[in-house]
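Biologist: I should like to go through the labels attached to this structure and hear the grounds for each. Could we take them in turn?

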Amino acid sequence: MESTTANLCAEHSWPFLLASQTERHPKMNEQEFIANMEELLETDPGSISLSTQLDSLEQWDSLAFVSFLAMAHSKYDVRVAPTELRQCKSIADLMKLVEKR
């Protein structure tokens, strides 16, 4: 069935479906994850690190929370449960949450 789905997706120019059906995103690295978080939080490059505490970030609000769920899925093909995300205290915790999937 997967090859049928892949052929159908390719035939209809749906590469996003083809990619999600047949491959996962490559393993992330620390710099890439931090850059993605800086973009999500709309902060300056170099302004956060893995040790940054979420409660110290003015930008970490309900919109950032939901945006993180979407980013984890779109960039890393990982679905994060909101209950697990609420337990995260730092950028490192967020990265671990995505990596463990």
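Biologist: Why is the pair Lys100 and Glu84 called a salt bridge?

Modeller: The model is a predicted one, and in it the closest N and O atoms of Lys100 and Glu84 are 3.1 Å apart. The limit for a lysine nitrogen and a glutamate carboxyl oxygen is 4 Å, so the pair qualifies as a salt bridge. The count by this rule comes to one salt bridge.

Biologist: Which parts of the chain does the pair link?

Modeller: Lys100 belongs to the segment after α6 and Glu84 to helix α5, and the two residues are 16 residues apart. Lys100 has 56% relative accessibility; because the label requires over 50%, Lys100 counts as exposed.

Biologist: What makes Leu94 a buried residue?

Modeller: Buried means under 20% relative accessible area. Leu94, in helix α6, has 0% relative accessibility and therefore counts as buried. Other buried residues of α6 include Ile91, Ala92, Met95, Leu97 and Val98. The cover over the buried residues of α6 includes α3, α4 and α5.

Biologist: Which residues does Leu94 touch, leaving out those up to four places away in sequence?

Modeller: They are Phe33, Met37, Leu54, Trp60, Phe68, Leu85 and Cys88. With the same exclusion of sequence neighbours, Leu85 is in contact with Trp60, Phe65, Phe68, Leu69, Val80, Leu94 and Leu97.

Biologist: Which residues have the most contacts inside the largest nonpolar core?

Modeller: That core has 25 residues, and those with the most contacts inside it are Phe33, Met37, Trp60, Phe68, Leu85 and Leu94. At least two residues of the core come from each of α3, α4 and α6. The largest share, seven residues, is supplied by α4. In soluble globular proteins, nonpolar side chains tend to be buried together.

Biologist: How do you know that the span of α4 agrees with its number of residues?

Modeller: The expected span is 1.5 Å times one less than the number of residues. For the 15 residues of α4 this gives 21 Å, and the end C-alpha atoms are 21 Å apart, so the two values agree.

Biologist: What caps the N-terminal end of α4, and what follows the helix?

Modeller: Asp61 caps the N-terminal end, with a side-chain oxygen 3.2 Å from the backbone nitrogen of Leu63. The limit for a polar contact is 3.5 Å, so this distance lies within it. After α4 comes Asp77, whose phi is positive, near 55 degrees. Asp77 is in the loop between α4 and α5.

Biologist: Which residues of α4 are buried, and what do they pack against?

Modeller: The buried residues are Ala64, Phe65, Phe68, Leu69, Met71, Ala72 and Tyr76. The buried residues of α4 pack against α3, α5 and α6.

Biologist: Why is the ring pair of Phe33 and Tyr76 called tilted?

Modeller: The count of aromatic pairs comes to four. For Phe33 and Tyr76, the ring centres are 6.2 Å apart, within the limit of 6.5 Å, so the rings pair. Their planes stand at 40 degrees; stacked requires under 30 and edge-to-face over 60, so the pair is tilted. Phe33 lies in helix α3 and Tyr76 in helix α4, so the pair ties together parts 43 residues apart in sequence. Phe33, Trp60, Phe65, Phe68 and Tyr76 form one aromatic cluster.

Biologist: How do you know whether Phe33 and Tyr76 are buried or exposed?

Modeller: Phe33 has 0% relative accessibility and Tyr76 a relative accessible area of 5%. Both values are under 20%, so both residues count as buried.

Biologist: What makes Thr43 buried but Glu42 exposed?

Modeller: Thr43 has a relative accessible area of 15%, under the 20% limit, and is therefore buried. Glu42 is at 73%, over the 50% limit, and so counts as exposed. Glu42 has a positive phi, near 55 degrees, in a residue other than glycine.

Biologist: Why is the approach of Thr43 and Ser47 called a polar contact?

Modeller: Their side chains are joined at 3.1 Å, and because the limit is 3.5 Å, the pair counts as a polar contact.

Technical notes:
Residues numbered from 1 in each chain as written. Predicted model: local features only at pLDDT ≥ 70, side-chain atom pairs only at ≥ 80, totals over all residues. Heavy atoms only, no water. Buried < 20%, exposed > 50% of the residue type's maximum accessible area, 1.4 Å probe, protein only. Polar contact = N/O pair within 3.5 Å; in protein donor to acceptor, adjacent residues only side chain to side chain. Helix = DSSP H or I, 4+ residues; strand = E, 2+ residues; numbered from the N terminus. Contact = heavy atoms within 4.5 Å. Core = buried A, V, L, I, M, F, W, Y, C linked by side-chain atoms within 4.5 Å. Salt bridge = Lys/Arg side-chain N within 4 Å of Asp/Glu carboxyl O. Phe/Tyr/Trp six-rings, centres within 6.5 Å; stacked < 30°, edge-to-face > 60°.
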